[in-house]
Amino acid sequence: MKPVDAHVHIVGNGSGNTGCWLRVSPWRRPMAALMLRHVGLPSAALQGDLDGLYVQRLLELVRGSSLGGVVILAQEQVHDDQGRPVPQAGSFYVPNKYVLELARKHSEFLPAVSIHPARPDALEELDRCLAGGAVLMKCLPNCQNIDCSNKRFTRFWEKMAEAQLPLLAHTGGEHTLPIVRPEFSDPRILTLPLECGVKVIAAHCATKSGLTDPEYFDLFVEMTQRFPNLYGDNSAFTVPIRGRHVPECTREPLVQRIVYGSDFPVPVYGHFPWLRGFVDWQTFRRWERHPNVLERDFQLKKAMGFPAETFTRIWSLLRLPAICRAPA
Ligand SMILES: [Zn+2]
């Protein structure tokens, strides 16, 4: 079992007729340009063939890294409570069809779809995605307005549980994307899918992202004691505030629930792990400028004390459609 990065974003501006769109407000433009340069793309790609360049670069990075594959994430639109899309509330969109297609073309990619359960066609879309080979479902309750514990979504979660499709849900604060429902950053919002038997991965282990965000990490830990089907990912843990809980996440018993993820293309810096003493000077120097940011994140997390199982655990959670499954 090769290590897998279970939290990798696909981004596009629609240049490749992919259906993707991206809206970068003027004050977020420098951050978007920085993210592109960070992964090795020119900032001009924002206005150019971003879709093609992004995928090509991502493939190069995966092939040049220790990873056996990456879970690539679709990005659903924001929807209102009636399940109508509110495109002006979101900042980017990546259709399910596109990530499913990418995964069919490239064996390095494991496709994660994204479905707002209030959509009138949510169950049908789930069927289409399962037929298309989806291995995971990704959502951001606070950014996409998904009240996961609303009873009317019970059937949706039950169907996911039946299909053994795990859920990766954003938890804790968020500062890269606009937030529409800050109260949905609370991991307790995941109670209903957990009760329905869905394997749930709380992205970022519900840690806070900005100084003023509420801290939900302890609540997340408490929930892992109640729900054996709850996991957390260590994506963006090289960022100062999110990374504060590295010591707890690398210790028993919580470490048994940790799944590796980078949050690519979110920048990866070794300064914070080094300053906090999570990695030594040699490790910091060796990886800090490594041009392959996927490998940089992988090596820093390894040096931070995340054991080998955290990098392969996702294999036991993903729905692996017949083609990838070992013969019985
Ligand atoms: Zn993310």
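Donors are taken as N, O and S atoms within 2.8 Å of the metal (3.2 Å for Na, K and Ca); water is not among the atoms, so sites may look incomplete. Under this definition, the donors of the zinc ion are spaced along the chain as H-x1-H-x253-D. The model is predicted: local features need pLDDT of at least 70, side-chain atom pairs count only at pLDDT 80 or more, and totals for chains, interfaces and linings use all residues. Residues are numbered from 1 along each chain as its sequence is written, and side-chain values use heavy atoms, with hydrogens and water left out.

The zinc ion is coordinated at 2.1 Å by His7 (NE2), His9 (NE2) and Asp263 (OD). Both His7 and His9 are buried (under 20% relative accessible area, 1.4 Å probe, protein chains only).

The largest pocket has a volume of about 880 Å³, where a volume is the space filled by probe spheres set on the points, and grid points are joined across faces, edges and corners. Its lining comprises 38 residues, of which Met31, Met35, Glu174, Thr176 and Leu177 are the closest to the centre. Strand E1 (4-9), helix H1 (29-39) and helix H2 (50-63) each give two or more residues to this lining; H1 gives the most, with 4 residues. Helices (H or I, at least four residues) and strands (E, at least two) are DSSP runs, numbered from the N terminus.

Notes. Buried < 20%, exposed > 50% of the residue type's maximum accessible area, 1.4 Å probe, protein only. 1 Å grid on protein atoms, 1.4 Å probe; cavity = no way out; pocket = protein on both sides within 12 Å on 5 of 7 lines; lining within 4 Å.
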